[in-house]
Amino acid sequence: MFNLGSMLNLGSTEPVIGRASTLVECSTKDLFKYLGQDLFQNYQKWSPEVQELEQLTPGPVQLGTIGRQVRLDLGRRTESRFKVFTYEPGVRLTLVGVSDPFRCTYELQDINPEKSTRLTFSFELLELLVVMRPFEGLVRAAIKDGAERTVQNIKRLIEAEKSIKTSAT
């Protein structure tokens, strides 16, 4: 088979992936609660580009939960719907775009029980618009930077919250 985009020099049709990892000083249980169970309370905290966030399906966050977000990225406003595609408490949370071709995954690995967890976040832009293909390198760099910023924001927020709770007791 041939790749028409490549033949016409439109750039790659491969997914654009950004991945970053960090060690977070908290249990996998607490980190998953923050990311998964409390997704709609906390998502805008670690992703300040999200201007609006709404849970569209009733009940607790679980496999199949649908949400809507409005983002402002580099001055560009986008609205999308996403679905909880994977919900494995203490292990993995995956959100998949319903209206846009993206996937983001938060993976947790217990490093020291009840004390530290390795958080790996990946964002995959599954399809790059033809008009954006000439800027693929810039898009890749922005997604990589965004992934790094995401894990650092989550680490900072959860560790600060843990510190406040510890100080209060």
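Start by selecting strand 2 and strand 3 (residues 66–73): they pair in the antiparallel sense over 5 bridges. Strands here are DSSP runs of E, at least two residues long, helices are runs of H or I of at least four, and both are numbered from the N terminus; two strands pair if DSSP finds at least two bridges between them. Now click Gln-55, and you'll find that its bridge partner in strand 3 is Gly-67.

A quick note before moving on: this is a predicted model, where local features need pLDDT of at least 70, side-chain atom pairs count only at pLDDT 80 or more, and totals for chains, interfaces and linings use all residues. Residues are numbered from 1 along each chain as its sequence is written, and side-chain values use heavy atoms, with hydrogens and water left out.

Now for the helices. Select helix 2 (residues 28–37) and helix 3 (residues 39–46): their axes come within 6 Å and cross at roughly 95 degrees. Axes are lines fitted to C-alpha atoms, for helices over the stretch in contact, with angles from 0 to 180 degrees between N-to-C directions. The two helices are therefore roughly perpendicular (65 to 115 degrees). Color Tyr-34, Leu-35, Gly-36 and Gln-37 on helix 2, then Leu-39, Gln-41, Asn-42, Lys-45 and Trp-46 on helix 3, to see the contact (heavy atoms within 4.5 Å).

Notes. Parallel < 35°, antiparallel > 145°, perpendicular 65-115°, else oblique.
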